[in-house]
Amino acid sequence: MPATETATKRKLSRQQYLDLYYYMRLNREVEDTMTKLFRQNKIVGGLYASLGQEAVSVGSAYALEKRDWMAPMIRNIGALLVKGVPPRDIFTQHMAKFTSPTKGKDGTSHFGDLENLHIVSPISMLGDLIPVMTGVAMAGRYLGQKIVSMTWIGDGGSSTGVFHEGMNLAASQKAAFVLVLENNQWAYSTPVRRQVPIENLADRAKAYGIASYIVDGNDVVAMYCSAKEAVDRARAGEGPVLIEAKTFRRRGHAQHDPAEYVPKEQLEHWEKRDPIALYEAFLTKEKLLDAKGKKAVEDKIATLLEKEREFAENSPTPPAETAATGVYCTGDDCHKITPKWERPINELLPPKSSVDPVWIVEGFGRGHNAARGDAPIHFGDVTPAAAAEKQAAAAPPPKAPLAKSHAQSNGKPPGNSFTTSAGKKPAPAAVKSGSRGKARK
Amino acid sequence: MPLVTFLEAIKQALFEEMAADPSVVLIGEDVGVYGGAFKTSEGLLEKFGWERVIDTPISESAIIGAACGMSYMGLRPVAEMQFIDFIACCFNQLTNFVAKGHYLWNAPAPIVVRGPSGGGVHGGPFHSLNPEMYFLHTPGFKIVYPSTPYDAKGLLKASIRDNNPVLFFEHKFLYRRIKEEIPAGDYTVPIGKAIVRREGKHLTMLSYAAMMHTSLEAADALAKQEGIEAEVIDLRTLLPLDEETILQSVKKTNKCLVVHEDTKTGGIAGEIAAILAEKAFHDLDGPLVRVTSLDTPVPYAPTLEEAFLPNAQKVFAAAKELANF
């Protein structure tokens, strides 16, 4: 069983250090802007904050390459920004504008981009992204792409059944998949200790036989280093990796929730560990950031967000008639579905794809190919031999068994066969005999 | 042309689509070495290998989730439910993730979810389900339920090529009991088109899957014994429903009987009744009649299951009464 690990804190380039700073600040400013919009009643539905968790989103997503795939959760606005989503998409989504990525059909971070940014949209049901991103990784390997997929889950979502199904499938498939388990201590109003009787959620990785890390989720460099190591390992074919990031949700579940159930002392403890303040202190100490540099980042973000917010506020709401559109893909004119092959296709077609279809059990040898021959059938169905026998016995099929037996009806079901249909082609040309309910006799 | 079973037709469709397009993969429980519980994927692993025929843990949600993720990468996964009853285990993945993706965020999910359904084989309450109406209420799916080998092959091929999630139900009672001559090569049957199996003028009989055969049997007896000519229509696809073919027939016969193996309350007969009330009210010369299974779970004992299921006698009696209305 692999033990939980701690990634080596590596030295980053100056640009990488400053990128992490920029994206954390951008993450917070985007959310601050949305809080103002919420208070002005310009956000249509709920607003979920990641205040204090920015290092998790930013540090982990920063470990992904452009070709990689991710699926954010509701509090991973920072991951969206790192992957290249413009802030206007986040604003328009929350304001339900026609210019939003979903054209107003869904809100919050519920949007994706399959073509360019390789982002899968989350849904509100927790845990479902785990098998979906496992499938993305499996398909990536099949297509010959060297991609890694990543998603996030909270301490709350880690209790769902599909979390287990997804992690187990990912592990058994050795999928190039990284799960960031964001332990922010609270699932809505329920503390983690009342959800799970273990200290470290990363311990669950042992049950799946996969590697895991525990990381200080408020230390962006540690977060990045763990994610980078995990992504590299997954890409190298070592299988999925689970990272538990210890962090804290400093707002309620959403804007409506004052979170009075959280002890004041706990909140204060984590406020002192603000990831951006901690990182600023680090950057200052390392002489990577001074007052001038900080001001430049703030100005850049302010200018950007002013423009993006204005775009969103001035965007139209969706026309009512679009409500009825888009349930189905209408075909190639709507979406031309073409996988991006990065390996020769003939490897996947016979004869090259053909294998000896048997299980080999270590220490015991080979089983037989159960699929071959006239195998016994799962209960309830007729065996091929029995079907053939009945077929022969039924020929020529009775002309009108129903009419005959109905004439002698004594309350029992008349007729005991599906007759050959007189219907036009394509109709069944020959059928079995033996009525429903009697097939097993 | 050779005679092939319904089951063989399914196998042919899978084989031909996988041979023609490497983006088609099969994922499910025991679909590989074992060839599927009913042998519908027999021989596929041998031909196409471990990467394309994927045996999974017993995790229906993970099967559908992974198929969904694969489809986002441009693949066309066929996901098998070992028995269609188990589709309940992945209800959330299907209805919230797969079905809503295109409408919400423009993400097509070209997945086929297929598996053996239906009763009449003493499978009991957990191996006999007709699950169509759980999903008919969810915008985003197409729902196909064929009754003949010809249609099973042609519709499965069309489903695999469709860019939308298709729920493809295979009535297991038909697997080895129905044989017909079908073309050996490539053909498709369009999704969303019903077919008139038997022409008639006195009443319209709508059905699908195994009950289509029961309806035909009853229709033949009605003609021979009572001189009643029923027009039997095989719906083939339940979503989208071929309203045009239904309305055309009902406007001719002025009477309509729906036969389905699914339970009565909330069955598709109710939806058809609503459509006729909306669009053919003045054409109806009698009440819409439903012949369906009882509103109970599928019971196990043969005597109970026979009482539960519709049969040709029940259809005969209901149709005769309607014709004389």
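**A helix of chain B and its surroundings**

Reply: In this predicted model, the buried residues of helix 4 of chain B pack against helix 3 (60-72) and helix 5 (101-105) of chain B, together with helix 5 (129-143) of chain A. The buried residues of helix 4 (residues 91-98) of chain B are Q93(B), L94(B), F97(B) and V98(B). Because these residues cover an arc of only 110° around the axis, they are on the same side of helix 4 of chain B. An α-helix has 3.6 residues a turn, so residues three or four places apart point the same way.

The contact takes 87 residues from chain B and 85 residues from chain A. On the side of chain B that touches chain A, helix 3 of chain B gives the most, with nine residues. The residues on that side of chain B divide by class into 40 nonpolar, 27 polar and 20 charged.

Next comes the way chain B itself is divided. Its domain assignment gives domain 1 (3-181) and domain 2 (195-323), and the centres of domain 1 of chain B and domain 2 of chain B, taken over C-alpha atoms, are separated by 26 Å. To the contact of these domains, domain 1 of chain B brings 23 residues and domain 2 of chain B brings 22 residues. On the side of domain 1 of chain B that touches domain 2 of chain B, at least two residues each are supplied by helix 6 (132-136), strand 6 (142-144) and helix 7 (149-161) of chain B. Sorted by class, the residues of that side of domain 1 of chain B are eleven nonpolar, nine polar and three charged.

Leaving out residues up to four places away in sequence, L136(B) touches I143(B), L238(B), L239(B) and I268(B). S159(B), in turn, is found in helix 7 of chain B, and S159(B) is buried because 29 other C-beta atoms lie within 10 Å. With residues up to four places away in sequence not counted, S159(B) touches V112(B), V144(B), V166(B), F168(B) and I191(B).

One of the residues touched by L136(B) is L239(B), and a cis peptide bond joins L239(B) and P240(B), with omega about 0°. P240(B) lies in the loop between strand 12 (237-239) and helix 9 (243-253) of chain B. Most residues other than glycine have a negative phi, and most peptide bonds are trans. Another backbone detail in chain B is D30(B), which has a positive phi of about 60° although it is not a glycine. D30(B) is found in the loop between strand 2 (24-28) and helix 2 (44-48) of chain B, and D30(B) counts as partly exposed because it has 18 C-beta neighbours inside 10 Å.

Chain A has 14 helices and eleven strands, and buried residues make up 46% of its 441 residues. Of the contacts in chain A with a separation of 6 or more, 71% are between residues 24 or more positions apart.

Helix 4 (residues 87-94) of chain A and helix 12 (residues 291-313) of chain A pack at an angle of about 35°, with their axes 9 Å apart, and helix 4 of chain A passes helix 12 of chain A in a right-handed crossing. In helix 4 of chain A, P87(A), R88(A), F91(A) and T92(A) meet residues of helix 12 of chain A that include L304(A), L305(A) and E308(A). By class, this contact of helix 4 of chain A with helix 12 of chain A has six nonpolar, one polar and three charged residues.

L305(A) shows this packing at the level of one residue. L305(A) and P87(A) are 218 residues apart in sequence, and 7.1 Å apart in space from C-alpha to C-alpha. Not counting residues up to four places away in sequence, L305(A) touches E29(A), V30(A), T33(A) and P87(A). L305(A) counts as partly exposed because it has 18 C-beta neighbours inside 10 Å.

Note on methods:
Residues are numbered from 1 along each chain as its sequence is written. Chains are lettered from A and ligands numbered from 1 in the order in which they are written. This is a predicted model: local features need pLDDT of at least 70, side-chain atom pairs count only at pLDDT 80 or more; totals for chains, interfaces and linings use all residues. Domain bounds come from an automatic or database domain assignment. Two residues are in contact if their C-beta atoms, placed from the backbone, lie within 7 Å. Helices (H or I, at least four residues) and strands (E, at least two) are DSSP runs, numbered from the N terminus. Ala, Val, Leu, Ile, Met, Phe, Trp, Tyr, Cys and Pro count as nonpolar, Asp, Glu, Lys and Arg as charged, and the others, Gly among them, as polar. A residue is buried if 20 or more other C-beta atoms lie within 10 Å of its own, exposed if 12 or fewer, and partly exposed in between; C-beta atoms are placed from the backbone. The arc is that of the directions from the helix axis to the C-beta atoms. Axes are lines fitted to C-alpha atoms, for helices over the stretch in contact, and angles run from 0 to 180 degrees between N-to-C directions. A crossing is left-handed if the near helix is turned anticlockwise from the far one by less than a right angle, and right-handed if clockwise.
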